[in-house]
Amino acid sequence: MKKIVISCACMLLAVMLMSADKKDAVMTKEKGVYVVNTTTLGKDVAGYNGPTPLKVYIKAGKIQKIEFLDNEETPKYWKAASTHMLNKWDGMAVKNAKTKEVDGRTGATFSCDAIKKNVKLAVEYYEKNK
């Protein structure tokens, strides 16, 4: 009986740890900075050639920076979009980032739209889960 109780407790602990890992895959916190990774959160957010994941760094309710992750976009257009949009949200309050209209880059519309959608997903996730 004692072994059964211990086994059940171990299984419960394992399930709890697995659940925590799922949330950790999207948002982590280090030294007061939340980092929201849209790899799984925005897996359906696509540019021209597929998903365009990014990381959004948030501290004290303000976006510190955006980091673009590997994707399959055409390098020429991705560079144009990401360079143009890299600092557009820096220092912006999260509540404003959800509704802020950020201009994209002509010729890289799909990539720019995907970046904007990923940022919006990230800040919404942050607000719900911080």
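1. Contact is taken here as heavy atoms within 4.5 Å. On that basis, residues 24 or more positions apart account for 57% of the contacts in the protein with a separation of 6 or more. This is a predicted model, in which local features need pLDDT of at least 70 and side-chain atom pairs count only at pLDDT 80 or more, while totals for chains, interfaces and linings use all residues. Numbering starts from 1 along each chain as its sequence is written, and side-chain values use heavy atoms, with hydrogens and water left out.

2. The protein has five helices and four strands (DSSP runs, H or I of at least four residues for helices and E of at least two for strands, numbered from the N terminus), and their order along the sequence is α-β-β-α-β-β-α-α-α. Of the 130 residues, 35% are buried (under 20% relative accessible area, with exposed meaning over 50% and partly exposed in between, for a 1.4 Å probe and protein chains only).

3. In helix α3 (residues 75–85), the buried residues are W78, A81, S82 and M85. They cover an arc of only 90° around the axis, and therefore lie on the same side of α3 (the arc is that of the directions from the helix axis to the C-beta atoms). K76, K79 and T83 are exposed on the other side of α3.

4. The buried residues of α3 pack against β4 (62–68) and α5. Within the α3–α5 pairing, W78, A81, S82 and M85 of α3 meet S111, C112, I115 and K116 of α5.
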